[in-house]
Amino acid sequence: MTTPDTTRYDFQAIEEKWRTHWLTNKSFKVSTDPGRKKYYLLEMFPYPSGRIHMGHVRNYTIGDVVARYQRMRGMNVIHPMGWDAFGLPAENAAIKHNTHPAKWTFENIDYMKGQLQRMGLSYDWDRELATCTPEYYRWEQLFFTKMYEKGLVYQKVTTVNWCETCQTVLANEQVIDGTCWRCDQPVMPREMNGWFFKITAYADELLADCDRLTGWPEKVLTMQRNWIGKSVGAEINFPLASGAGALTIFTTRPDTVFGATFMSVAPEHPLVVELSRGTGQEAAVREFVERTRQEKQRRKPDEEVEKEGVFTGGYCVNPFTGDKLPVYAANFVLMEYGTGAVMAVPAHDQRDFEFARKYQLPITVVVQPAGEPLDPGTMAAAHEGSGTLVASGSFTSLDSQAAKKAITDHAAKEGFGQGRTTYRLRDWGISRQRYWGAPIPMLYCEQCGVQPVPEKDLPVTLPTDVQFEKSGKSPLHTLESFYRTTCPKCGGEARRETDTMDTFVESSWYFARYACPQFTDGPLEKQAVDYWLPVDQYIGGVEHAILHLLYSRFFTKVLRDLGYLTVDEPFTNLLTQGMVIKDGSKMSKSKGNVVDPNELIDRYGADTVRLFSLFAAPPERDLDWNDQGVEGAYRFLNRIYRFVNDRLATLHAAPTAIPTELNEASRSLHRKTHQTIRKVSGDLDGKFHFNTAISAVMELTNTLFTLTAEETKEAVEPAVARAAVETILILLSPMVPHLTAELWQRIGHGESLDGLPWPAFDPAAAKEEELTIVVQICGKVRSRLAVAPDTDEEQLRALALADDKVQKFMEGKPARKVIVVPNKLINIVV
RNA sequence: GCCCAGGUGGCGGAACUGGUAGACGCAAGGGACUUAAAAUCCCUCGAUGCUUCGCAUUGUGCGGGUUCGAUUCCCGCCCUGGGCACCA
């Protein structure tokens, strides 16, 4: 594997030389420079799990090409890298191997940093940060207390998602199909006290600004819009038939209120028990509530459940009609959404329709679509569309759109309702019952209640002298030296919060800290963040479509409102790259199809690995890893190496100026050179078509080989050959940085390839001398003509009609119509 | 069920705003070099047919349509991947 092979280039020596060169010269260090145009390129930072995997290789290679390309385009490129260093795996590893999470984490960072450097990635390492250091999380704690002051952080006891395996709570976004995003184990509901970020306060803005994110994939925006789930409607109070109080419902269809024939409430609804009292339904209701609660726990994530309910024994009154409506507890009504109660309009809601049929409840049509009148007795399904109102009192004959507003206004005027918008989005629960995270900077005083830790006392440092339990229970909960403290207000005894923050909090603002990672006077240095933000291009996996990307958008808006940032959105353009798969499925240890980047780099070098991961598939698609394909990429680089290295003297001696008079072979190569610059520039400029860009360079290389082969009759002008070689090196340099830098130097350049500007192409040189025009007869290709570019239509028509093959296929029939597309084709219809 | 992507040779993938389908690479086959192998270089490579050095027919998931011309646009369907799924 590592045996010296004289027929292959020595990538090991070359890559080490340039890696060292870039690191010792800090070639990619940047600073704030208002005189220059900035470009912020960011890839999602990794969790230091131990080693780099192929997904990282792909992600960071793509990013590096863009960074290097933009640098060559003259931009002041910030390209930082750091570590998402808090998280459960560190804690679990620590428990298992009897070490400390910090030790484990920093060792992993060390190793992985070495791996990234081996790949030749052009980071400004001076901006490196690790989120588990107090220098980082102290600012996060400051944000927390500032948000608390603004009412954007609050505490509540609620039903949360508990992961038994991870021994902690998860936010809604972190529950995927009913299972934990991290360990795939089922999540259980549990009543708990916890801290919440009021992301719902930004729901409207987060939704509205989706329209401004034109540089994001539509797919991701759709997912975010769905997740936020805005519904505009009304809240209406239905007074209880007996006793005081009312049942408040939320509906998006106030226009159907006259068609309500019963009410449905969630089994957990606080009024359920009260309604049944003294009606003889108590036992039935109790039994139903208990049974649905248990079923809910047992239920599989995507299981379809039959609609079921029980009459509570109570009634309420429709404020519009005065009708007495029975109240049912129903298993499909969610306590967490809206008000936990709905008015049931079976004629116009499919769920209510099914429920009504099952329990023989009346169906009243109040929205009539154009055409056949609806018959409640024979309807097969609810009519959920719009129409004209019928049997709706004074609102009859309005169309449903107008009726929505009229009915809502009426309810508001009469004082039993109002317009309301609800969201599917829930507040972000950030309390984690584990150790390896940023401590929540709050404390509890018997006298003064809940208190934020004052700014002067920050950071609340995570203690390191801790013992871990096998159970995974956080040692902080029982560490007296940590939780015992004094109240900043009264000086009395107080207890610290022992939960830590969700690690998604750290990744919600790291991109801003990169602008000023060493700044100590505050979290963000105004001048630096104002210059560098927003991120111009963000690159990462689509699995964060909601999670990290939504949280980051929220945090950006919060930090803006706290006065730290001036931007509304963190990431202007987003590229979501596909997975790296092997043999048709995701790489996994159990499948035994894992490819280790280290082995690949040992065997072929970083340049080859980079080249193949760019060449094998377009970035947003899944990449099927193929060992033979890697060989192909390696062969290509060897071909270039050999060509240049075998002709060093000639290339060295070649003049740089292209002579004005060139023979055919030289013109041909010169033309191909400029066509390639045109093609590659087009493919890289905001498009990320790395695979076709590489193809184009391969074509140029093939042309160069063919035209300079010994047996050719015409010698290529040395200046032209040299220009072709240099073009190949320059165009390839963002993708294959080590080898191109080396060869550039060997052909006699003093200055480094890194600082070189991207080449411009000469349109005149790129222009073809001769074009092939296809001649079709009735749409079928029958002949080809070689003509000069821009030959006019008349001439093309004449040439085509005079062509031997064309004459043959026309069989003497007259041309009915001749379509001429200049520089492309001629189609003759007979 | 609903909403997005996507379906092109043996494989990964090209094809600009409708204009030569299959660039580039991989695999395969044949040849050159070599004592031999590796490496390298050259040639062939969608399918079918024929009177086989060339030509014809056919071909981009399936069925229609628009057009002089459709992988590309429109309608209907099938399959694969992803997301959402009682959200009132």
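**Entry 1: helix α15**

I started with α15, which has 15 residues and reaches 22 Å from its first C-alpha to its last, close to the 21 Å expected at 1.5 Å a residue. I keep in mind that this is a predicted model. Next I looked up burial: 14 of the 15 residues of α15 are buried, so the helix is largely enclosed by the rest of the structure. After α15 comes Gly563, and I noted its positive phi, near 90°.

**Entry 2: nonpolar cores**

Which residues have the most contacts inside the largest nonpolar core? I found Phe197, Trp428, Phe554, Phe555 and Trp625, in a core of 187 residues. I then picked Phe554 and listed what it touches, leaving out residues up to four places away in sequence. The list reads Met147, Phe197, Lys198, Ile199, Tyr202, Leu206 and Trp428. There is also a second, separate core of 32 residues, with Val310, Cys316, Ala341 and Phe416 among its members.

**Entry 3: aromatic pairs**

How many aromatic pairs does a search of the whole structure find? My search gave 53. I opened one of them, Phe143 with Tyr564: the pair is edge-to-face, 5.3 Å centre to centre, with 70° between the planes. Phe143 lies in helix α5 (residues 134-149) and Tyr564 in the loop between α15 (547-561) and β25 (571-577), so this pair ties together parts that are 421 residues apart in sequence.

Tyr531 and Trp532 are both buried.

**Entry 4: charges over rings**

I looked for charged ends sitting over aromatic rings and wrote down two cases. Lys307 has its charged end over the ring of Phe332, 5.9 Å from the ring centre. Arg647 places its charged end over the ring of Phe643, with 3.9 Å to the centre.

**Entry 5: a three-stranded sheet**

My last stop was an open sheet of three strands, ordered β27-β26-β28, with mixed pairing. Which strands are at the edges? They are β27 (585-586) and β28 (623-625), each pairing on one side only. I followed β26 (residues 580-582) across to β28 and found them paired in the parallel sense over three bridges. In that pairing, I saw Val580 opposite Leu623 of β28.

Terms used
Residues numbered from 1 in each chain as written. Chains lettered and ligands numbered in written order. Predicted model: local features only at pLDDT ≥ 70, side-chain atom pairs only at ≥ 80, totals over all residues. Heavy atoms only, no water. Core = buried A, V, L, I, M, F, W, Y, C linked by side-chain atoms within 4.5 Å. Buried < 20%, exposed > 50% of the residue type's maximum accessible area, 1.4 Å probe, protein only. Contact = heavy atoms within 4.5 Å. Pairing = 2+ DSSP bridges. Helix = DSSP H or I, 4+ residues; strand = E, 2+ residues; numbered from the N terminus. Phe/Tyr/Trp six-rings, centres within 6.5 Å; stacked < 30°, edge-to-face > 60°. Lys NZ or Arg CZ within 6 Å of the ring centre and 35° of its normal. Expected span 1.5 Å × (residues − 1).
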